[in-house]
Amino acid sequence: MNATLRFLLTGALAIGSALGGLIGEVTNVRIVVWAGALWLAGAFLPTFCSPIRALRELPSSPAPTHEASATSAPEA
């Protein structure tokens with residue numbers, strides 16, 4: 001899991017750097033900084049607008065049934 005997260009984050013850094021450089025070449029550095037600031041400021045919006053904020057305790061999940069393992073195991 002750690003390697004997967006590092007791979008994804010490193011890939012996102014490379015894509016963001018290339019995109020920032022491209023936007024900086026087309027426009028100017030000030031617009032790139034503002035675009036980055038707005039992007040980071042809006043990063044909390046998916047969590048802020050989701051129902052996760054209203055949760056006060058973990059939802060309970062039903063206990064798993066072991067019917068298949070009980071019938072398929074041979075009796076010795």
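Visitor: Which helix gives the largest share of the nonpolar patch?
Guide: α1, with four residues. This is a predicted model, where local features need pLDDT of at least 70, side-chain atom pairs count only at pLDDT 80 or more, and totals for chains, interfaces and linings use all residues. Numbering runs from 1 along each chain as its sequence is written, and side-chain values use heavy atoms, with hydrogens and water left out.

Visitor: Which residues form the patch?
Guide: Leu19, Leu22, Ile23, Val26 and Ile31, with about 470 Å² of accessible area together. Areas are Shrake-Rupley with a 1.4 Å probe, and for residues only the protein chains shown count as cover. Nonpolar side chains (Val, Leu, Ile, Met, Phe, Trp, Tyr) are joined within 5 Å, like charges within 9 Å.

Visitor: Where is Leu19 found?
Guide: In helix α1. Helices (H or I, at least four residues) and strands (E, at least two) are DSSP runs, numbered from the N terminus.

Visitor: Why does Leu19 count as partly exposed?
Guide: Because its relative accessible area is 47%. Buried means under 20%, exposed over 50%, partly exposed in between (1.4 Å probe, protein chains only).

Visitor: How much of the protein is buried?
Guide: Of its 76 residues, 1% count as buried. The accessible surface comes to about 7400 Å², and 71% of that belongs to carbon and sulfur atoms.

Visitor: New topic. How many helices and strands?
Guide: Four helices, zero strands. The pattern along the sequence is α-α-α-α.

How values were computed: Patches are made of residues with over 30% relative accessible area and no salt bridge: like charges are joined within 9 Å, nonpolar side chains (Val, Leu, Ile, Met, Phe, Trp, Tyr) within 5 Å. A salt bridge is a side-chain nitrogen of Lys or Arg within 4 Å of a carboxyl oxygen of Asp or Glu.
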